[in-house]
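Here is a briefing on a predicted model.

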Amino acid sequence: MKNAGSDSGALIVVSELDHSMEVVATGATHRNTADNYDHEDDSGIDIKLVHGRVNEFPLAKSLINLAFHSKTEVIVNDAKHDDRMKRDIKKLKKAKSIFVLPLVNQNKVLGILYLENQSMTGAFTSAHKLALEIVGSQAAISILNANVFNNMEILINKRTREIKSLLRKVYPEQILHRIQKGGERKIADEVEECSIFFSDIVKFTNFTNRNSVAQVHFMLDSLFSKLDYLTECLQIEKIKTIGDAYVAICGAPISNEQHAVLMAEFALCTLEAVDQYNEFVETKNEEIEDQNKLVDENHVIATLRGYTPEEAATFSFLTEDELKNPINIYNRQHEQYNREVTHWNESHEEQKQHRLDKIMMRVGLNSGPIIAGVFTETRPIYDILGDTVNTACRMESHGFPGRVHVSENFYEKIKDTFDCELRGEISVKGKGKMKTYFVNSRKFDPMLSADQNSSLEQIGTLHSPILSPNTSTPRHNRYSMFGSPPSTAASTTTTSGVNLHFD
């Protein structure tokens, strides 16, 4: 700094994003007792690492801006008599000579070197300028390298967050922690008691044959997204989807004494989600039917060709010569009508393809011990296996559309909480005769005390397990995060209080 002809200075870094300027270091050739400097080198230069905007320091901001925009050095030999110092001279009364050097690399200003001499005018000579230009080019390269390193670090952190977010969607949080922190690669846990959920869309193959790929994707994505949300609400872990099948577990990897109750609630909410999807479909199909109503020929022409009904009725789309000959009028009208009706019918058929089909779902539940873990090294997933899982699958496949079909073992765990219906003994593939049940509704709300539930039951407000009758306002907010359904798919929550939003 002494060799450059200055007794104080500052290093300013320019942001690559918004070109904002930040002072990162200041220096002086003599110690200012008012400041606490971080370092003093052998030449007696005091260096202070700082962090702040240019406005926060006694610097000639007008000269800094001039150097930034012109990308050339700015030299002031006599600060008191230089017109460029009019705005800054009041706060820089001691300054006599100022040198501002933009640090440029690849035609970009990466920083500003600001030097000031308070002892003499004309302090910065041509020799000083040459030396500072060499130092400035080296400083610009250093700042560029620092920016590259910082950008790489930001990009790495961003990618790391994205990978962690993706892994959290693939693995349960506890399993992911064991893999990342504990270094476990082969995970296999014996779970003594849990509940398994299986669901399947009835006649899904026929659905895929009747609908386009986009419609099938819309249905599955809309429905499964709502089920994913419900799993978060009810402490249930989604295992996987296999085509139209949805598999979930409660009680693993975190044990939960209420696993059966929560799973039964989830099953009823799932059927409610299906009902609301079907209401949305019905509303959408009604809109399509309204658009496809056939009208008379004038309205067809007016709608598809941009004419008003009055213009179409007077054949105002014909030329003046054609209007003089009634035969031409008839022929032209007939040809036009045929073309428009053909176009209209093609459009009508295309609209038919956009109609949505309603769906029905079977649900099967079972409780018992399982084995859960991470299997295979190629595309490893957290999966479950065992007789309990197989039985839950059988409950689904042997069930009825729109019903929650459960095993006797599962029924014993929820019979005091849910209203169930005995189906009787049935032959189950691979299991023989089994007594099974259907889950209809919840008997009481677990969020309320026994006395409160007893009072509600006496006055008949337990018609719905989550909602009081004749109202769409939940008694608590466990499932109210979906928001109101769109106007095109208005639906009222009935069975389990789940208010879904299908777009």
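Phe-375 has Ile-381 in β12 as its bridge partner. Strand β11 (residues 361-375) pairs with β12 in the antiparallel sense, over five bridges. Two strands count as paired if DSSP finds at least two bridges between them. Helices (H or I, at least four residues) and strands (E, at least two) are DSSP runs, numbered from the N terminus.

The model is predicted: local features need pLDDT of at least 70, side-chain atom pairs count only at pLDDT 80 or more, and totals for chains, interfaces and linings use all residues. Residues are numbered from 1 along each chain as its sequence is written, and side-chain values use heavy atoms, with hydrogens and water left out.

**Strands and hairpins**

- The hairpin of β11 and β12 has five residues between the strands. In this hairpin, Thr-376 takes a positive phi near 65 degrees.
- Strand β14 (residues 418-428) pairs with β15 over ten bridges, in the antiparallel sense. Gly-424 has Thr-436 in β15 as its bridge partner.
- β14 and β15 also form a hairpin, with three residues between them. Gly-430 sits in the turn and has a positive phi of about 80 degrees.
- Strand β13 (residues 404-407) is joined to strand β15 (residues 432-442) by four bridges, and the two run antiparallel. Here Val-404 stands opposite Val-439 of β15.
- In a regular strand, side chains alternate between the two faces of the sheet.

**Aromatic pairs**

- How many aromatic pairs does the ring rule give? The count comes to eleven. Under that rule, rings of Phe, Tyr and Trp (its six-membered ring) pair if their centres lie within 6.5 Å; planes under 30 degrees apart are stacked, over 60 edge-to-face, and the rest tilted.
- The ring centres of Phe-99 and Phe-124 are 5.6 Å apart and their planes meet at 45 degrees, so this pair is tilted.
- Phe-99 lies in strand β6 (residues 97-105), and Phe-124 in the loop between β7 (108-117) and α2 (126-170), so the pair ties together parts 25 residues apart in sequence.
- Phe-99 and Phe-124 are both buried. Buried means under 20% relative accessible area, exposed over 50%, and partly exposed in between (1.4 Å probe, protein chains only).
- Phe-218 and Tyr-277 have ring centres 6.4 Å apart and planes at 40 degrees, so this pair is tilted.
- Phe-218 belongs to helix α5 (residues 213-233) and Tyr-277 to helix α6 (residues 259-291), so the pair ties together parts 59 residues apart in sequence.
- Phe-218 is partly exposed, at 23% relative accessibility. Tyr-277 is buried, with a relative accessible area of 1%.
- One aromatic cluster is formed by Phe-197, Phe-224, Tyr-246 and Phe-266.

**Charges over rings**

- Arg-403 lies over the face of Phe-438, 4.3 Å from the ring centre. The criterion is NZ of Lys or CZ of Arg within 6 Å of the ring centre and within 35 degrees of the ring normal.
- Arg-423 lies over the face of Phe-400, at 4.4 Å from the ring centre.

**Largest pocket**

- The largest pocket has a volume of about 760 Å³. A pocket is an open set of points on a 1 Å grid over the protein atoms alone, where a 1.4 Å probe fits, with protein on both sides within 12 Å along at least five of seven lines; lining residues have an atom within 4 Å of a point.
- Of the 23 lining residues, Arg-168, Lys-169, Tyr-171, Glu-237 and Lys-238 are the closest to the pocket centre.
- Elements giving two or more residues to this lining are α2, α3 (173-180), α5, β9 (237-242) and β12 (381-385).

**Backbone details**

- The peptide bond from Ala-252 to Pro-253 is cis, with omega near 0 degrees. Pro-253 is in the loop between β10 (245-250) and α6.
- Gln-106 has a positive phi of about 55 degrees, although it is not a glycine. Gln-106 is in the loop between β6 and β7, and it is exposed, with a relative accessible area of 69%.
- Asn-107 is in the loop between β6 and β7. Its phi is positive too, near 65 degrees. Asn-107 is exposed, at 56% relative accessible area.

Notes: Points joined across faces, edges and corners; volume = space filled by probe spheres on them.
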